[in-house]
Amino acid sequence: MHPEYSVRTANVSDLETIVAFTMAEARDAEGANKDVGGVRRGVRMALEDPSLATYWLAETPGADVVASTSVVTEWSNFHGGYYWWVQSVYVVPEHRGRGLARLLLEMLAEEARAVGAVDLRLYVHNSNRSALEAYRRCGFEVAPYTIMRK
């Protein structure tokens, strides 16, 4: 663990913090302003039903929440196990560059290994160069897939 921060599983009382982080992440990553009502509904549903997603928060010794991440799972019939998809990583600007993204991603990798996940995956917007570089530094590599949508 990082001596300056601790990580804990989020709960419903963390709703507004996670909503604020999610809104800020969308602006940072894509320049997008998401519908706060939709974000709040989505985060609340996941906090109330961990089968949808699990959130973790990083805190300072004074219990200030300064980063978050979340994971959703996807069943793989090819491998007979779950992929863990990193749905979000957000670090408040004042705490960036201190190893928090690495701390969160290493914690997720350990948790995924502990439950036998096939692997840890994420997607990142092509224009988000700082995130792409951060994920590469943390050991992620470009996968041979293209995400499509309709």
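Mentor: Let's start with α4: its face turned away from the buried side carries the exposed residues Arg129, Ser130 and Arg137. Exposed is over 50% relative accessible area, buried under 20%, and partly exposed in between (1.4 Å probe, protein chains only). Helices (H or I, at least four residues) and strands (E, at least two) are DSSP runs, numbered from the N terminus. This is a predicted model, where local features need pLDDT of at least 70 and side-chain atom pairs count only at pLDDT 80 or more, while totals for chains, interfaces and linings use all residues. Residues are numbered from 1 along each chain as its sequence is written, and side-chain values use heavy atoms, with hydrogens and water left out.

Trainee: OK, and which residues of α4 are buried?

Mentor: Ala131, Leu132, Ala134 and Tyr135. They sit on the same side of α4, because their arc around the axis is only 165°; that arc is taken from the directions from the helix axis to the C-beta atoms.

Trainee: What covers them?

Mentor: The cover includes β4, α3 and β5.

Trainee: Switching to the largest nonpolar core: which residues touch the most other members?

Mentor: Leu100 and Leu108, out of 28 residues. A nonpolar core here is a set of buried Ala, Val, Leu, Ile, Met, Phe, Trp, Tyr and Cys residues joined through side-chain atoms within 4.5 Å.

Trainee: Which element gives the largest share?

Mentor: α3, with seven residues.

Trainee: And what does Leu100 touch?

Mentor: Leaving out residues up to four places away in sequence, Leu100 touches Tyr5, Ala58, Val66, Ala67, Val91 and His95. Contact means heavy atoms within 4.5 Å.

Trainee: How many aromatic pairs are there?

Mentor: Five, from a search of the whole structure. Rings of Phe, Tyr and Trp (its six-membered ring) pair if their centres lie within 6.5 Å; planes under 30 degrees apart are stacked, over 60 edge-to-face, the rest tilted. Trp75 and Tyr82 are edge-to-face, because their planes meet at 75°, with ring centres 5.0 Å apart.

Trainee: What about Trp85 and Tyr123?

Mentor: That pair is tilted, because the planes are at 50°; the centres are 6.2 Å apart. It links distant parts of the chain, 38 residues apart: Trp85 is in strand β4 and Tyr123 in the loop between β5 and α4.

Trainee: Is Trp85 buried or exposed?

Mentor: Buried, because its relative accessibility is 19%.

Trainee: Last one: what sits over the ring of Tyr83?

Mentor: The charged end of Arg121, 3.6 Å from the ring centre. The test is NZ of Lys or CZ of Arg within 6 Å of the ring centre and within 35 degrees of the ring normal.
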